[in-house]
Amino acid sequence: MGSLVVVGAQWGDEGKGRVVDLLSEQADVVARFQGGANAGHTIVADGEEYILHLIPSGMVRGKTCLIGNGVVLDLPTFFEEVDHLTGRGMNLEGKLFVSDRAHITLPYHRLLDAAREAANPARKIGTTMRGIGPTYVDKMMRIGVRVCDLFEEDLLAEKITANWEDKTHGLRHLTEEQRPNPDAVLGQYLLFAARLKPFVADCSVILEEARREGKHILFEGAQGTGLDIDFGTYPYVTSSNTIAGGACTGTGVGPTHIDHVAGIAKAYTTRVGEGPFPTLMEPFLEERCRKIGHEFGATTGRKRLCGWFDAMLVRHAARVNGLGSLILTKLDVLDEFETIKLCTGYMYKGEPLSHFPSSLRVLAQCEPIYEEWPGWMTPTGGVRRFSELPEAARDYIRRVEEVCNVPIALISVSPSRESYIALDQSLLRYDFSVPEAISSES
Ligand code: GDP
Ligand code: IMO
Ligand code: MG
């Protein structure tokens, strides 16, 4: 029995979908706990590619999948994904569940997201325009529409009408025709409600039952620690807690029932949207890295900026997530780099910083402290054992582990399911040491 939380240790797109697909082979239940249709998780299995935004990556292996209360649910995207997977021959019946407490992204949330991004270019966040921030605003304002509200027509009508009046100020730049009509929205969401009904459940109860039956549970994070609302590079973050603690609040599982937390990091770093990026590569190498790593957003298609591995950020991620292991992805992307830089810390006003700073002004003035490592200039995509990696690659990985101070459990060397090197089998088997109850000894 084991429950494992998998989170991004950088600014998202670390390869969570790929790793969750790998780790869900032995899982019984896979649960998403935060974010929404802003996520884009790519899975490559048996030569087929899947890009999922809301449905947990464990669905590709036909596992029981939960969308927790912490997720903001965009119903058109959800049904598109359901149709897409069904069209590819998957049977989701009795396998996919949505929390009755999850909040719903409504058409005006997307419009408000776009309006806010356009209003002041200097304060733009570079969001995915999926209405994420405005949906979480309503949740915290306590005016949000939850999945369970869809089944109480009078309450739903009341909420949509009241919210509509509240939002019209933010959407005053739109013409009457461009604004969604509250009656039309209500009608559309009542139809969605009927279609959603078979998926709705109390996911906390499902998780508790699974745990009591000794099942393996995998919690799939979206985004990454650098985008966490509290511990990321605020305000250039997303609007949820992406860190491991979010798995508890976002699914209704107590912290005493989490056995292990694994952080995923690329062998370098990427970032989409606005915000500081201390280890950004020099333009020529940046372009090259993006090309080799296909660093374009899985949700928006935007260019991802590429930078060197930032151990200052990953150490911060290790602390705030309580990482028990690190999973390094996309090692193969560095195969053709003559020299690889590794940022071990930051200098600020001539002094080394002890921790990742909270202030963006400080972060913007930090100078990365780099080590330069020789590249291996050899393809690694076919390697399956650590000992078979080129010596320079092993040296680089050992040094990454040392500066992050977290054991590396897995290394991914291609997008495909089978292309990995396992250094610690316990992660694949979910055999984390769980203390025995004293009563069980007598
Ligand atoms: P996520 O949001 O964390 O799930 O990551 P994305 O799916 O947005 O982006 C990761 C991209 O890298 C996807 O296109 C994956 O197919 C790809 N990928 C994952 N692991 C590896 C790897 O080890 N090597 C290479 N070359 N690509 C990988
Ligand atoms: P996955 O799960 C990378 C970024 C956006 C923007 C900021 C806020 O695939 O790793 P939002 O739409 O959430 O309000 O945008 O967060 N962002 C991501 N970057 N991967 C993601 O998800 C992201 N989800 C949001 O680019 O900078
Ligand atoms: Mg992604």
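These legends describe close-up views of a predicted model of one protein chain.

**View 1. The two domains of the chain.** The protein chain is divided into domain 1, made of residues 3-73 + 205-429, and domain 2, residues 103-198. Between the C-alpha centres of domain 1 and domain 2 the distance is 31 Å.

**View 2. The interface of domain 1 and domain 2.** In this interface, 21 residues of domain 1 are in contact with 17 residues of domain 2. The size of an interface is often given as the accessible area lost when the parts come together. For domain 1 and domain 2 the buried area is about 1,400 Å², and carbon and sulfur atoms give 55% of that area. Val 72, Leu 73 and Ser 239 supply 37% of the area that domain 1 buries against domain 2, more than any other three residues.

**View 3. Polar groups between the domains.** Seven residue pairs are in polar contact between domain 1 and domain 2, counting pairs with both residues at pLDDT 80 or more. On the side of domain 1 that touches domain 2, twelve residues are polar, seven are nonpolar and two are charged.

**View 4. The salt bridge of Arg 110 and Asp 74.** Side chains of opposite charge can pair when their charged atoms come close. The structure holds 26 salt bridges, and one of them joins Arg 110 to Asp 74, with the closest N and O atoms 3.3 Å apart. Arg 110 lies in helix 3 and Asp 74 in strand 6 (residues 72-74), so this pair ties together parts that are 36 residues apart in sequence.

**View 5. The aromatic pair of Trp 11 and Phe 277.** The count of aromatic pairs comes to ten. Among them is the pair of Trp 11 and Phe 277, which is edge-to-face, with 5.4 Å from centre to centre and 70 degrees between the planes. Trp 11 lies in the loop between strand 1 (3-8) and helix 1 (16-23), and Phe 277 in the loop between strand 12 (269-271) and helix 9 (283-293), so the pair ties together parts that are 266 residues apart in sequence.

View 6. Tyr 234 and Pro 235 are joined by a cis peptide bond, with omega at about 5 degrees. Pro 235 is in the loop between strand 10 (217-220) and helix 8 (245-249).

**View 7. The backbone at Met 129.** Met 129 is not a glycine, yet its phi is positive, at about 65 degrees. Met 129 is placed in the loop between helix 3 (107-119) and helix 4 (132-141).

Terms used: Residues are numbered from 1 along each chain as its sequence is written. Chains are lettered from A and ligands numbered from 1 in the order in which they are written. Side-chain values use heavy atoms; hydrogens and water are left out. Domain bounds come from an automatic or database domain assignment. Contact means heavy atoms within 4.5 Å. Buried area is the accessible area (1.4 Å probe) that two parts lose on being put together, summed over both. A polar contact is a pair of N or O atoms within 3.5 Å; within protein, one must be able to donate a hydrogen and the other to accept it, and residues adjacent in sequence count only if both atoms are side-chain atoms. Ala, Val, Leu, Ile, Met, Phe, Trp, Tyr, Cys and Pro count as nonpolar, Asp, Glu, Lys and Arg as charged, and the others, Gly among them, as polar. Rings of Phe, Tyr and Trp (its six-membered ring) pair if their centres lie within 6.5 Å; planes under 30 degrees apart count as stacked, over 60 as edge-to-face and the rest as tilted. Helices (H or I, at least four residues) and strands (E, at least two) are DSSP runs, numbered from the N terminus. A salt bridge is a side-chain nitrogen of Lys or Arg within 4 Å of a carboxyl oxygen of Asp or Glu.
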